[in-house]
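Subject: Structure for your files, with notes

Dear colleague,

Please find the structure below, followed by notes on what was found in it. I would be glad if you read the two side by side.

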Amino acid sequence: MHATEIVLHDVELPLRHAFETSSHRKSSLRHLLVEMIAEDGSVGWGEIASPAGPFYAPETTTTAWQTAVEHLIPAVLGAQWEHPDEIAGLYAKVRGNYFAKAGIEMAAWTLWTQAQGIPLAAALGGERDSVIAGVSLGIEPSIEALLTEVARHVDSGYPRVKLKIAPGWDVEPVRAVREAFPDLDVHVDANGAYPGSTEPGGEAAFEVLRALDPYRLTMIEQPFAPKNFLDHARLTAALETPVCLDESVETLDDLRTALALKAGNVLNIKVSRMGGLSAARDAHRLASEAGWPVWCGGMHEFGVGRLANVALSSLPGFTLPSDVSASGKYYAEDIIDPPVTADQGVVQVPTAPGLGHGVRREVIDAHATRQERFRA
Ligand code: OSB
Ligand code: MG
């Protein structure tokens with residue numbers, strides 16, 4: 001098949017609850033939706049879930065738009081392909097820019113699975129009919145506010161809570177949450193905020209991370225900068241608590257490096273960070289073969305990217321809860337119909353072909369700040 005037209009939609013949705021990480025605070029999010037139209041008029045949707053600023057990864061919403069328009073869309077429009085695994089090869093010369101690539105490739109996957117009449121999950125090798133969701137909670141203004149947020153999500157049945165940490169907001173909130181919820185599955189995510197051993201404060205940071213070890217955390221995610229594999233290896237060797245990589249692993253080669261160096265023992269796989277579903281599926285295979293449990297991370301996706309995450313999470317190696325909480329945790333109104341829902345933290349994997357839920361064009365149009373159509 002081939003794409004005859006691609007429409008890019010720049011869409012901003014208000015967040016229900018402002019989200020703060022070690023780098024920034026947000027009360028609404030802008031993602032790019034990719035509408036890929038095939039020769040027979042059928043439509044596949046993808047989502048470029050890049051954060052607005054270059055703090056999680058080097059990309060921004062603006063650079064993702066530009067890369068898509070100048071490099072990825074021209075490579076894909078009109079090109080013949082039989083399977084979505086071939087899409088990445090069409091723009092193999094473009095380095096990095098994984099979020100932009102992921103959104104384009106996702107649109108091809110949804111187009112292709114619809115045409116085949118199979119659910120996206122099955123096409124990826126998914127085996128579960130439901131997946132377990134955990135929630136990711138941002139840095140809150142106070143410990144009390146954090147405990148309120150944790151309680152709210154535990155009460156809605158989510159079995160795992162991830163807390164964002166940063167230097168100065170680490171041992172205290174973890175101790176408070178552990179005291180209030182002695183048996184809860186809790187993990188922390190630093191988004192690379194701790195200095196490594198070559199930086200000022202690196203040794204003190206190492207001791208702070210070591211001080212988290214007694215709290216029975218399920219994992220400490222990405223304490224150090226993305227390319228600092230060696231300090232991740234040092235911490236992995238020093239702690240009982242598993243160390244999980246997120247930002248460090250953008251490619252299968254990064255993963256091979258991490259495995260060889262034992263720079264962790266758990267992998268967060270994000271479709272966006274790895275440039276698409278094919279790479280995410282392959283990373284899952286490689287990590288599982290090496291004995292690393294994996295889970296699917298999120299980027300506060302709108303419904304399209306969220307459904308792709310749900311499909312990916314149904315693969316057998318995704319043995320830990322994924323960041324695929326219900327649409328309603330993030331957005332009052334999602335762009336899919338029905339929205340993703342969770343019942344006691346359990347999300348059903350769609351059984352209809354493609355993404356498995358409808359896309360609400362009127363909601364996209366109502367929230368779009370820019371829409372542009374490209375033809376072969
Ligand atoms: O590191 O997982 C992360 C959001 C923005 C940037 C980085 C991260 C996150 C999340 C979101 O934790 C999790 C979700 O989508 O539920
Ligand atoms: Mg993370």
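Helices (H or I, at least four residues) and strands (E, at least two) are DSSP runs, numbered from the N terminus. The model is a predicted one, in which local features need pLDDT of at least 70 and side-chain atom pairs count only at pLDDT 80 or more, while totals for chains, interfaces and linings use all residues. Residues are numbered from 1 along each chain as its sequence is written, chains are lettered from A and ligands numbered from 1 in the order in which they are written, and side-chain values use heavy atoms, with hydrogens and water left out.

Helix H1

With that in place, helix H1, which covers residues 61-76, bends by about 45 degrees at Ala68. After H1 comes Gly78, with a positive phi near 80 degrees.

Thr60 belongs to the loop between S3 and H1 and is buried, with a relative accessible area of 11%. If its neighbours within four places in sequence are left aside, Thr60 is in contact with Ser50, Pro51, Ala52, Gly53 and Pro54.

Which protein atoms are the donors of the magnesium ion (ligand 2)? They come from Asp189 (OD), Glu221 (OE) and Asp246 (OD), and lie 2.1 to 2.3 Å from the ion; donors are N, O and S atoms within 2.8 Å of the metal (3.2 Å for Na, K and Ca), and because water is not among the atoms, sites may look incomplete. Along the chain these donors follow the spacing D-x31-E-x24-D. Asp189 lies in strand S7 (residues 185-189) and Glu221 in strand S8 (residues 220-221), so the pair ties together parts that are 32 residues apart in sequence. Both Asp189 and Glu221 are buried.

An oxygen atom of ligand 1 lies 2.7 Å from a polar side-chain atom of Asn191, and an oxygen atom of the ligand is 2.8 Å from an N or O atom in the side chain of Lys270. For His300 it is a backbone N or O atom that lies 2.8 Å from an oxygen atom of ligand 1. Taken alone, ligand 1 exposes 390 Å², and the protein buries 96% of that, the areas coming from the Shrake-Rupley method with a 1.4 Å probe.

Asn191 is found in the loop between S7 and helix H7 (202-211) and is buried, with a relative accessible area of 18%. Neighbours within four places in sequence aside, the contacts of Asn191 include Glu221 and Gln222.

Backbone points to check

Most residues other than glycine have a negative phi, and most peptide bonds are trans. Gln222, in the loop between S8 and helix H8 (229-238), has a positive phi of about 40 degrees although it is not a glycine, and it is buried, with a relative accessible area of 0%. Gln344 likewise is not a glycine and has a positive phi, of about 55 degrees; this residue is found in the loop between S12 and S13 and is exposed, with a relative accessible area of 52%.

A cis peptide bond, with omega about -5 degrees, joins Asp337 and Pro338, and Pro338 is in the loop between S12 and S13. Pro339 lies in the loop between strand S12 (336-337) and strand S13 (346-348) and is partly exposed, with a relative accessible area of 36%.

How values were computed:
The bend at a residue is the angle between axes fitted to the seven residues ending there and the seven starting there. Buried means under 20% relative accessible area, exposed over 50%, partly exposed in between (1.4 Å probe, protein chains only). Contact means heavy atoms within 4.5 Å. A polar contact is a pair of N or O atoms within 3.5 Å; within protein, one must be able to donate a hydrogen and the other to accept it, and residues adjacent in sequence count only if both atoms are side-chain atoms.
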